[in-house]
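Here is a short tour of a two-chain model, arranged so that you can follow along on screen. Have the sequence and the 3D view open side by side as you read.

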There are 2 protein chains.
Amino acid sequence: MENIITSKDNPVIKLYQKLSSSKKERSEYGLFVLEGMRIAEDALKEDSGITHLLVTVSAREKAEELLLQADLRNAKIFVISNELGSRISSTGTTQGIFAICRIPVRRQIQFTENGRYIVLYGLQDPGNMGMIIRTADALGIDGLILSGSCDLYNPKVIRSTMGSVFRTRIMIENDTERLFALLKNGGAETAASVIDKNAESINSCGFTGCQAVFIGNEGSGLPKEISQRCDRRITIPMNGTINSLNAAMAAGIIMWELKK
Amino acid sequence: MENIITSKDNPVIKLYQKLSSSKKERSEYGLFVLEGMRIAEDALKEDSGITHLLVTVSAREKAEELLLQADLRNAKIFVISNELGSRISSTGTTQGIFAICRIPVRRQIQFTENGRYIVLYGLQDPGNMGMIIRTADALGIDGLILSGSCDLYNPKVIRSTMGSVFRTRIMIENDTERLFALLKNGGAETAASVIDKNAESINSCGFTGCQAVFIGNEGSGLPKEISQRCDRRITIPMNGTINSLNAAMAAGIIMWELKK
């Protein structure tokens, strides 16, 4: 008879939950989790790939092809009860498909002559980060650098990227000195996106050559010393009655202008 | 001694919760709810205004000015226990400020010669709707028309507009025939935003005169009969590896191009 995991104290279930809730555990194990059919398929295509695939009793049949592919790639496969699936899910209506994946060794970003890069500096909301990564992928941004921002492997980030996390070049550089050295060595002109009517409008500032645009924190924007340190300060011209777009939306409009 | 509401069975608390959870109740009462200091201040500036203001014991002191303004505008004011505040809040960390507001009698949109309008046709996610309204306000869109979309007064929509719901012209027209008649009478050229490489790129299609752009459902886009009925079909050119932006992000990029 087949083994179906039903206990919340099963070591794999406990591991999944630890990785889901704690950045520290993710770093220590070098693993993260994701949930859902589409994104699990995307993860399987990656070199780093899936180490453990968990499917509920109900999901098993429709996940047949996924299970076959995962088995071919040496993932460990577990069937869990529907109750456990609901328990470990981070969504209201779970598909019943869960994976533990290796955190890839992030490539350094290769700067190119006309490359377009985004630096997320102090961005804190996982939903915003996910949406920015998804948009960067759609618009063809050449790389993202995260600095002092929320954890890329937070399950909410992973979910809201809709798989783009696996298709986008992303590196993490939390040291400000090394970040600016990296951009300088890469030949990137740096621009701070700010809310300031005196900054250059993105309508007229012109983006030529290798460009890196900094996006700041949702509430407080970029620290002054960072925006001053950039080669220039750019802004999205806005209506008088409001002085802020959502950070992900602002990043999206800037990426659109960078790439068109 | 002052009366502090502590019971979840208090009629005002029950009303707040009914309005928070049910579109039907909102329509029947002609009331909706919101939560938070900033947005309550915005609501007070409106003609329709706040009918009931609820503050927790902890929030009372910092809400002093708001309470004064609400009192001057004949809102009924209630102090509630912190426990009740946590109970009725829809956020993790509540500010302890809650309001019941009248649903304004929506103005018809006035179409102007160079006006720029967005039609949300079948959009279902409250967070997306809120973000689109916020962005429309920031970029100066002249009006939004909701057709077969989620309820504008859903608390999640209201919250994610960040007060822009009070500054943006929004009308609701759920009848497709009347919607197209309205746009025609207003002199608007209609464009369906679609995911289709053969549609006109928003980089080159040109927006002149009175323009109304349709944004469709998150999962299925616009129904074919709607996109065919529009004067033209437009698209955001995208990277080969992904075929969809988030609906709010796509709407934001289109609004940016409409208004720049």
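Two strands are said to pair if DSSP finds at least two bridges between them, and the element names come from DSSP runs numbered from the N terminus, with helices (H or I) of at least four residues and strands (E) of at least two.

Please keep in mind that this is a predicted model, in which local features need pLDDT of at least 70 and side-chain atom pairs count only at pLDDT 80 or more, while totals for chains, interfaces and linings use all residues. Residues are numbered from 1 along each chain as its sequence is written, and chains are lettered from A and ligands numbered from 1 in the order in which they are written.

**The seven-stranded sheet of chain B**

- S9(B) and S12(B) sit in an open sheet of 7 strands, with the order S8-S7-S6-S11-S9-S12-S10 and parallel pairing.
- Strand S8 (170-172) and strand S10 (200-201) of chain B are at the edges with a single partner strand each, so one side of each has no neighbour in the sheet.
- S10(B) pairs with S12(B) in the parallel sense over 2 bridges, and Ser201(B) has Thr235(B) as its bridge partner in S12(B).
- Elsewhere in the sheet, strand S6 (residues 116-121) and strand S7 (residues 143-147) of chain B run parallel and are joined by 5 bridges.
- Leu120(B) has Leu146(B) as its bridge partner in S7(B).

- Another open sheet has 5 strands in the order S1-S4-S3-S5-S2 of chain B, with mixed pairing.
- Its edges are strand S1 (4-5) and strand S2 (31-35) of chain B, each with a single partner strand, so one side of each is left without a neighbour in the sheet.
- Strand S3 (residues 50-56) and strand S5 (residues 97-102) of chain B pair in the antiparallel sense over 5 bridges, and His52(B) stands opposite Ile100(B) in S5(B).
- H3(B) lies across S2, S3 and S5 of chain B and runs at about 30° to S5(B); axes here are lines fitted to C-alpha atoms, for helices over the stretch in contact, and angles run from 0 to 180 degrees between N-to-C directions.
- H4(B) also packs on the sheet, where it touches S3 and strand S4 (76-80) of chain B, and its direction makes about 155° with that of S3(B).
- Helix H3 (residues 37-44) and helix H4 (residues 64-72) of chain B have axes that come within 11 Å and cross at roughly 25°.
- H3(B) and H4(B) are therefore roughly parallel to each other (angles under 35 degrees count as roughly parallel, over 145 as roughly antiparallel, 65 to 115 as roughly perpendicular and the rest as oblique).
- Met37(B), Ala40(B), Glu41(B) and Leu44(B) of H3(B) meet Leu66(B), Gln69(B) and Ala70(B) of H4(B); contact means that C-beta atoms, placed from the backbone, lie within 7 Å.

**Where the two chains meet**

- 21 residues of chain B are in contact with 21 residues of chain A.
- Helix H6 (126-139) and helix H10 (247-259) of chain B are the elements that give two or more residues to this side of chain B, and H6(B) gives the most, with 6 residues.
- H10(A) and H10(B) pack at an angle of about 55° with their axes 9 Å apart, which makes H10(A) oblique to H10(B).
- Met249(A), Gly252(A), Ile253(A) and Trp256(A) of H10(A) make this contact with Met249(B), Gly252(B), Ile253(B) and Trp256(B) of H10(B).
- Within chain A, H6(A) and H10(A) pack at an angle of about 15°, with their axes 9 Å apart, and this makes H6(A) roughly parallel to H10(A).

**How the copies are related**

Definitions and conventions:
Contact = placed C-beta atoms within 7 Å.
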